[in-house]
Amino acid sequence: MKQALKDLASWKVLEKHHQDMKSQSIKDLFSIDPDRGSKLNINAEGIYFDFAKHRIKGTTIELLLQLASERGFEAKRDAMFRGEKINTTENRSVLHTALRSPKNVEIFVDNHNIVPDIHEVLDKMAVFANKIRNGVWKGHTGHDIKNIVNIGIGGSDLGPVMAYEALKYFSQRNLTFRFVSNVDGSDFAEAVQDLNPDETLFIVASKTFTTLETMTNAQTARKWLLEKLGNESAVSKHFAALSTNEKEVAKFGIDTNNMFGFWDWVGGRYSMTSAIGLSTMIAIGPEKYHEMLSGFHAMDEHFRSAPLKQNIPVIMGLLTVWYNNFFDAQTQAVLPYENYLKRFPAYLQQLTMESNGKMVTLDGEKVTYETSPIYWGEPGTNGQHSFYQLIHQGTKIIPCDFIGFKKSLNQLPPHQDYLIANMIAQGEALAFGKTAEEVKMEGTDPNLVPHKVFDGNRPSSTFFLDQLNPSNLGKLVAMYEHSVFVQGVIWDVNPFDQMGVELGKVLAQKIIKDLLEPEISLQHDSSTNALIQFYKAI
């Protein structure tokens, strides 16, 4: 029988170690070892990862690595890369890493090499993308396509919109990109408000082509198009599908030659390098898109082969476990000091919380410890003027990830120097704070001294890269993907299913019927019944 997490010898040692560490401040740790800043870092794959400003010492990392070993981490990681069906609740392989593998690699699922299939789809995407970018693809009335509207939800939206915003600098600027996900009609209405149907292509992203929100928006898009263009044959010139349901795609009116498939071993939140990335490829072009894939692959290989002590995602994931399970940190802030990454924290929310927001182990046993923390964040320096107050002087421990770049894509001196100075300063302030004595020495009114004290001892990591580009975006996303996997292994949960989203969907289908039928006996609780009655009485 598998040993429970809290019964592991390594866990018990970590509990004792935490008792020693919780009374030591980051400032004390730097006093004991002034050179720790040159020791607690990893410089690999173009990412400089500084984790010196954490409530850890070398022993902590060694003990966390022992926990990973006792949990069988390396064997489970290797099983994932081999294509074993580690998504046990759905009996599926987990091979988002295969989506960015070079053509000469062999990866087998059920005795079938899937790499040629992947590159066949990538090549098909490239042909399609170039037709749009070069004006070869024409709409129903002969106009060039100038507007791309991606219709999806969850991973079929968050990945594409994050990637588009992150790589906007590299995008083809004579093309307009919009993203529709919310079933709220206002989302669609605003997306197409200023668009010409003759020049608009909709990309409908739904593996099953049955997703309620996506297909509701897709049908609205179809109606909007036909109201203006009038002819059913126009649909095939203005829609493409990212799906595996050929029958429903054809029924919708989409030419199945413009259908791009993917596989059940790709989870939605891990799918941005599958056909779901079609809008990204159209935006930045196939060459830049493959640069992004190369960045993903470089981090995949680092995670797969680097020694654990020098493995960025491994150390990231273990630090999350350290704070989540021993310091009771409920949240994790991701703070990119790069405005193009403004949607990156939102993307990570799905990646992390849908993956590890689980209450049972792989064996179906109720967990007796915390699993995923809440991920959140905003780009700097905006966040400094809103929620950083709580991070610095609030009562909660909030580990922070700062992400910065040495060079800006837009050279406007002195903006980048000011931006990075702020990022580095925040980490320093969080770690070391300011004592009452230091505040008094500034001549502060004695009544204000307590209000200006910063306790410090607040942990943070800093990730430095050279410049934001497609390759580095791929590395960053893969870095967090693999950190999530590390956490899932420690907690013994399945990071690759999402059954927690199903119940609300099922109940919504029943409530839709309750709302649409004028006379129906409501069978919910009294609160839900009252809400339905109130809505229908409008």
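Strands E5 (residues 147-151) and E6 (residues 176-180) pair in the parallel sense over 5 bridges. Pairing here takes at least two DSSP bridges. Helices (H or I, at least four residues) and strands (E, at least two) are DSSP runs, numbered from the N terminus.

A word on the source. This is a predicted model, where local features need pLDDT of at least 70 and side-chain atom pairs pLDDT 80 or more, while totals for chains, interfaces and linings use all residues. Residues are numbered from 1 along each chain, and side-chain values use heavy atoms, without hydrogens or water.

Back to the strands. Ile151 has Val180 in E6 as its bridge partner.

Next, Asn217. Helix H8 (residues 212-229) holds Asn217. Its relative accessibility is 3%, so Asn217 counts as buried. Buried means under 20% relative accessible area, exposed over 50%, partly exposed in between, with a 1.4 Å probe and protein chains only. Asn217 touches Ile151 and Val180, among others. Contact means heavy atoms within 4.5 Å.

Now salt bridges: a side-chain nitrogen of Lys or Arg within 4 Å of a carboxyl oxygen of Asp or Glu. The count is 24. Which residue forms a salt bridge with Asp300? Arg100 does, with the closest N and O atoms 2.8 Å apart. Arg100 sits in the loop between H4 and E3, Asp300 in helix H11 (residues 278-305), 200 residues apart. Both Arg100 and Asp300 are buried.

Asp492 and Lys2 also meet, at 3.0 Å, N to O. They are 490 residues apart. Asp492 is buried at 4% relative accessibility; Lys2 is partly exposed at 39%. A salt-bridge network links Lys2, Asp363 and Asp492.

How values were computed. Lists of a residue's contacts leave out its neighbours within four places in sequence.
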